[in-house]
Amino acid sequence: VVRHYLTPKWGIFRAPIWGFFRLRHRLFKFEVNFKLKNEISEAIEPVISAMGYEMWGLSVGQQNSSLKLTIYIDSSKGIKIDDCEKVSHQITHLLDTENLCDPDYVLEVSSPGFDRVLMTSKHFNQYINEEVKVKLKWLVNNRKNIKGLIKDVKEDYVIINDNNENYEIKYDSIENARLKI
């Protein structure tokens with residue numbers, strides 16, 4: 001797409017609409033990652049459950065030019081490095097045989113950690129009235145980082161109270177959320 005601009009000094013010149021292209025590219029990338037994340041989650045969750053672990057969440061990102069998948073697993077007995085290794089071998093085999101993603105991927109298997117990573121409304125609901133640190137993808141009320149108590153959890157957003165001010169934060173605007181220790 002090219003727009004024509006009329007300037008008093010140079011007459012008409014043509015310039016591409018890069019801003020629109022970048023926005024469209026970001027939206028497309030977001031849709032692809034969201035779709036890929038759902039497909040991979042649906043495929044690996046039964047495998048992880050069959051091994052006796054709970055799938056806490058899946059994070060899809062990029063590392064250099066490769067797709068990076070980070071799988072968080074949990075168990076009532078806790079997670080050790082051997083558990084992560086077992087799950088990693090099974091998931092690698094599944095991803096390679098089912099062709100769910102580009103074969104050039106990086107796989108990490110981890111526990112949610114002591115300062116739990118919170119990814120879903122279910123996670124936030126488990127820790128109501130606990131302190132949390134939230135890093136946002138974009139500004140909400142001129143803030144990108146919010147630390148406060150989880151007050152309420154809704155289907156589309158979570159309410160966090162920071163210094164007696166409530167913030168309604170949609171899940172898709174959260175880059176990273178962890179319990180504050």
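Lys68 has a relative accessible area of 23%, so Lys68 is partly exposed (buried is under 20%, exposed over 50% and partly exposed in between, with a 1.4 Å probe and protein chains only). Glu108, at 34%, is also partly exposed. The two form a salt bridge, with the closest N and O atoms 3.2 Å apart (a side-chain nitrogen of Lys or Arg within 4 Å of a carboxyl oxygen of Asp or Glu). Lys68 lies in strand 4 and Glu108 in strand 5, 40 residues apart (helices are DSSP runs of H or I with at least four residues, strands runs of E with at least two, numbered from the N terminus).

## Basis of the values

This is a predicted model, in which local features need pLDDT of at least 70 and side-chain atom pairs count only at pLDDT 80 or more, while totals for chains, interfaces and linings use all residues. Residues are numbered from 1 along each chain as its sequence is written, and side-chain values use heavy atoms, without hydrogens and water.

## Other salt bridges

The structure has 8 salt bridges. One of them joins Lys122 to Glu54, with 3.8 Å between the closest N and O atoms. Lys122 is in helix 3 and Glu54 in strand 3, so the pair ties together parts 68 residues apart in sequence. Lys122 is exposed at 52%, whereas Glu54 is partly exposed at 33%.

## An aromatic pair

There is 1 aromatic pair. The ring centres of Phe124 and Tyr171 are 5.8 Å apart and their planes meet at 45 degrees, so the pair is tilted (centres within 6.5 Å, using the six-membered ring of Trp; planes under 30 degrees apart are stacked, over 60 edge-to-face, the rest tilted). Phe124 is buried at 0% relative accessibility, and Tyr171 is buried at 18%.
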